[in-house]
Each structure stands twice: as C-alpha cells, then as structure tokens.
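The sequence and the structure are shown first.

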Amino acid sequence: QTLLQTHEVDALLIENPIDLMYLTGLSLSAGTIVIQPDKTELLVDSRYVDLARKNSPFPAQLKGEGWAGRLQGTIGFDSAFTSYDGYLNFSSKFPN
C-alpha cells in the first residue's frame, strides 16, 4: 500500500511472474495482484484458483468474476508486463 502513495495511484496491478512469486510464494505463469488502499487480492485463471485459494497470503479469486468494476480512480501498472490489449481492456472499464 505504500507504493500507492509513492506513485500517486488508487490501485496497482502486478502481473510480472517474478513479482507474483516474490509476493505470494506461488509459481504462477499468469495472474494479477490488485493492491488497493483497503485490500490486496490475487486474481488467477482456472488453472491456479484452487492452489491460490489454499496457499496465497492474499484472498484469491477467479479472474473475471467482476473484480474490475470495483476499481476506481487512477490505476498503476508495469507496462513491461501488462499487454496493450490488457491496457485497452482496463481503460475501457475506467474511462476517466
């Protein structure tokens, strides 16, 4: 949550597999950690949902279960790991 203040964002998306491993202890080829001021969640696809729910230090849920609608404000992400398609997907949900 300190990073939110440092980078002046309301939420931070982390998708780099190395960062995912460092922060969760799980070896995931795909996933997203969503850091918000009041909570942090791990979003994964169906391959990892059971593993993540049992072993992640953060609450884990299936990616695509309506989580994006709960994000508001400025979203920060690592452009080296969030694809342009991912950017377009996020920006369409947050027009301002």
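The structure is a predicted model. Five strands form an open sheet in the order E4-E3-E2-E1-E5, and the pairing is mixed. Strands E4 and E5 (75-77) are the edge strands, each pairing on one side only. From one strand to the next, the twist averages 25 degrees.

Strand E1 (residues 11-14) and E5 pair in the parallel sense over three bridges. Within this pairing, isoleucine 75 in E5 is the bridge partner of alanine 11. Helix H2 (residues 17-24) packs on the sheet and touches E1, E2 and E3. The direction of H2 makes about 65 degrees with that of E2.

## Strand E3 and its partners

Strand E3 (residues 39-44) is mostly covered, with five of its six residues buried. Strand E2 (residues 32-36) pairs with E3 in the antiparallel sense over five bridges, and a hairpin of two residues joins E2 to E3. Valine 34 has glutamate 41 in E3 as its bridge partner.

E3 also pairs with strand E4 (residues 60-62), here in the parallel sense over three bridges. Leucine 42 stands opposite alanine 60 in E4. Together, E3, helix H3 (residues 49-55) and E4 make a right-handed β-α-β unit.

## Glutamate 41

Glutamate 41 lies in strand E3. With a relative accessible area of 11%, glutamate 41 is buried, because this value is under the 20% cut-off. The side chain of glutamate 41 is joined to that of glutamine 61 by a polar contact of 2.8 Å.

At the start of H2, a side-chain oxygen of asparagine 16 comes to within 2.8 Å of the backbone nitrogen of isoleucine 18. Just after H2, glycine 25 takes a positive phi of about 80 degrees.

Glycine 31 is placed in the loop between H2 and E2. The relative accessibility of glycine 31 is 7%, so this residue counts as buried. Glycine 31 and proline 17 are 14 residues apart in sequence, and their C-alpha atoms are 7.7 Å apart in space. When neighbours within four places in sequence are left aside, the residues in contact with glycine 31 are Ile14, Glu15, Leu20, Leu43, Val44 and Lys63.

In soluble globular proteins, nonpolar side chains tend to be buried together. The largest nonpolar core in this model has 15 residues, of which Leu28, Ile33, Ile35, Leu42, Val44 and Ala52 touch the most other members. At least two residues of this core are supplied by each of E1, E2, E3 and H3. A second, separate core has six residues, including Leu13, Val34, Leu71 and Ile75.

Which residues are in contact with isoleucine 33, leaving aside its neighbours within four places in sequence? They are Leu12, Leu13, Ile14, Leu20, Leu23, Thr24, Thr40, Glu41, Leu42 and Phe58.

Methods. Residues are numbered from 1 along each chain as its sequence is written. This is a predicted model: local features need pLDDT of at least 70, side-chain atom pairs count only at pLDDT 80 or more; totals for chains, interfaces and linings use all residues. Side-chain values use heavy atoms; hydrogens and water are left out. Buried means under 20% relative accessible area, exposed over 50%, partly exposed in between (1.4 Å probe, protein chains only). Helices (H or I, at least four residues) and strands (E, at least two) are DSSP runs, numbered from the N terminus. Two strands pair if DSSP finds at least two bridges between them. A crossover is right-handed if, with the strands pointing away from the viewer, the path from the first strand over the helix to the second runs clockwise. A polar contact is a pair of N or O atoms within 3.5 Å; within protein, one must be able to donate a hydrogen and the other to accept it, and residues adjacent in sequence count only if both atoms are side-chain atoms. Axes are lines fitted to C-alpha atoms, for helices over the stretch in contact, and angles run from 0 to 180 degrees between N-to-C directions. Contact means heavy atoms within 4.5 Å. A nonpolar core is a set of buried Ala, Val, Leu, Ile, Met, Phe, Trp, Tyr and Cys residues joined through side-chain atoms within 4.5 Å.
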